[in-house]
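My entries follow in the order I made them.

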Amino acid sequence: DILVADLSGAATTASAVRVPGDDDPTDSAQACLGVVRGCPVDGEPMRYRRCDFVFCRHNSLPFVTLQWTGSDGGLFNREMKRIAALRGFHLSHTYMCKADREGTRGRQVGEVCRTGAKIFCEDERAIFAAIGLPYRPPERREVDAELLRLVEEAAKEAPEALRMVKMEFQGSDLRPCASSVS
């Protein structure tokens, strides 16, 4: 069994548990990648397992969880970020926001040149909903025909979605994209 505990309120803790990045306004996450040795039982061979600890602020947890789950060596995450970008968002491993992009062509997402405020997402389902995708549990996060269809759909919608984001940014205090400066 795996046991996880919040030690911040434990009587044995002398001070609050501090996480790397607590004072970081960017809500970055810190990862500790390691290998642990198991405890063999009844003559079993010694086993080693990769064990990753990711420390983040609570509001980044849905994004970190999305980033660190799934299959295909990160390919699902790459395609999800592509769909988000084609729909006018920037999806990070710790946050999501509206994003104005330049150089978007077909399935190529271009470069972010302006971003809006961070979009709060209570959980992973909220991330999928914000991007306009049906929720997939971690065990279904793989590149399949359904996901590729959604990427193609987002690519077709991209010109209009990105035009709407540009219109939202017009008149704002945000720095314009370099190519739109006269």
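I took helices (H or I, at least four residues) and strands (E, at least two) as DSSP runs, numbered from the N terminus. The model is predicted, and local features need pLDDT of at least 70, side-chain atom pairs count only at pLDDT 80 or more, while totals for chains, interfaces and linings use all residues. Residues are numbered from 1 along each chain as its sequence is written, and side-chain values use heavy atoms, with hydrogens and water left out.

**Gly110.** I looked up where Gly110 sits: the loop between β4 and β5 (111–118). I called residues buried under 20% relative accessible area, exposed over 50%, and partly exposed in between (1.4 Å probe, protein chains only). Gly110 is partly exposed because its relative accessibility is 25%. I also checked its distance to Leu86: 9.2 Å, C-alpha to C-alpha, across 24 residues of sequence.

**Whole chain.** I counted four helices and five strands. Along the sequence they run β-β-α-α-β-β-β-α-α. Of the 182 residues, 29% are buried. I used the Shrake-Rupley method with a 1.4 Å probe for accessible areas; for residues, only the protein chains shown count as cover. The chain's accessible surface is about 11,800 Å², and carbon and sulfur atoms hold 55% of it. I took contact to mean heavy atoms within 4.5 Å. Among contacts with a separation of 6 or more, 56% join residues 24 or more positions apart.

**Helix α2.** How far apart are the end C-alpha atoms of α2? I read 17 Å, which agrees with the 16 Å that its 12 residues should span at 1.5 Å a residue. The expected span is 1.5 Å times one less than the number of residues. Nine of the 12 residues are buried, so the rest of the structure largely encloses α2. The buried ones are Phe76, Asn77, Glu79, Met80, Arg82, Ile83, Ala84, Ala85 and Leu86. Their cover includes α1, β3, β4, α3 and α4. Just after α2, I noted a positive phi of about 95 degrees at Gly88.

**Core.** I defined a nonpolar core as buried Ala, Val, Leu, Ile, Met, Phe, Trp, Tyr and Cys residues joined through side-chain atoms within 4.5 Å. The largest one has 22 residues, and Met80, Ile83, Leu91, Met96, Ile127, Ile131 and Leu133 touch the most other members. Two or more residues each come from α1 (61–67), α2 (75–86), β3 (89–91), α3 (124–131) and α4 (145–169). The most come from α4, which gives seven. I then listed the contacts of Met80 beyond four places in sequence: Leu66, Leu91, Ile127, Phe128, Ile131 and Leu133.

**Strand β4.** Asp100 lies in β4. Asp100 is buried, at 1% relative accessible area. I found a 2.5 Å polar contact between the side chains of Asp100 and Arg114. Such a contact is a pair of N or O atoms within 3.5 Å; within protein, one must be able to donate a hydrogen and the other to accept it, and residues adjacent in sequence count only if both atoms are side-chain atoms. Glu102 also belongs to β4 (residues 96–102). Glu102 is partly exposed, at 26%. Glu102 and Leu162 are 60 residues apart in sequence, with 9.4 Å between their C-alpha atoms.

For Cys32 the nearest cysteine sulfur is that of Cys51, 8.2 Å away. Cys32 is partly exposed at 40% relative accessibility. Cys121 is buried at 2%.

Note on methods. A disulfide is a pair of cysteine sulfur atoms within 2.5 Å.
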